[in-house]
Amino acid sequence: MDDQRADQRQFFRDFSATAEQTVQEVRGFEENYYRLVQEATPALPWLREVSKKLHSYLEQNFSAAYEFTRELSQASDMDDFVRINTAYMENSLRSFTAQLADFAETYTKVTAGAFKANPRS
């Protein structure tokens with residue numbers, strides 16, 4: 001029984017390490033994307049506010065993903081694994097819903113302001 005528990009703990013540590021590595025690789029992509037958007041911002045001033053919002057959401061999401069991988073490495077059995085995974089999924093869904101509503105509001109304001117700033121005659 002102790003060998004089985006040790007095997008499970010090692011599995012969760014390995015799984016967590018793999019998940020963390022994946023998060024870091026995706027983070028590298030996100031940083032490159034954000035840098036590209038920052039370079040394009042002078043040509044598209046309305047993009048600056050949208051870019052800031054998207055970047056803040058990505059920061060929140062990566063922070064949550066890192067916390068998830070840290071908690072996952074502490075799982076001692078399948079019950080812990082399921083509990084941690086379920087909590088992460090629930091929190092992610094709530095966060096995504098809030099981010100979506102906030103982004104819709106920001107995008108509406110930004111585009112409305114862009115049209116007011118550049119009226120067509």
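**The pocket and its helices**

Helix α3 gives the most to the lining of the largest pocket, with eight residues. Helices here are DSSP runs of H or I with at least four residues, numbered from the N terminus. A pocket is an open set of points on a 1 Å grid over the protein atoms alone, where a 1.4 Å probe fits, with protein on both sides within 12 Å along at least five of seven lines, and lining residues have an atom within 4 Å of a point. Keep in mind that this is a predicted model, where local features need pLDDT of at least 70, side-chain atom pairs count only at pLDDT 80 or more, and totals for chains, interfaces and linings use all residues. Residues are numbered from 1 along each chain as its sequence is written, and side-chain values use heavy atoms, with hydrogens and water left out.

How big is the largest pocket? Its volume is about 230 Å³, taken as the space filled by probe spheres set on the points, which are joined across faces, edges and corners. Of its 14 lining residues, Ala-64, Ala-65, Tyr-88, Asn-91 and Ser-92 are the closest to the centre. Two elements, α2 (46-73) and α3 (78-117), each give two or more residues to the lining.

Now for α2. Its buried residues (under 20% relative accessible area, 1.4 Å probe, protein chains only) include Leu-47, His-55, Phe-62 and Ala-65.

Over in helix α3 you'll find Thr-106, which is buried, with a relative accessible area of 10%. Leaving aside residues up to four places away in sequence, Thr-106 touches Glu-49 and Lys-53, where contact means heavy atoms within 4.5 Å.

Methods. Buried means under 20% relative accessible area, exposed over 50%, partly exposed in between (1.4 Å probe, protein chains only).
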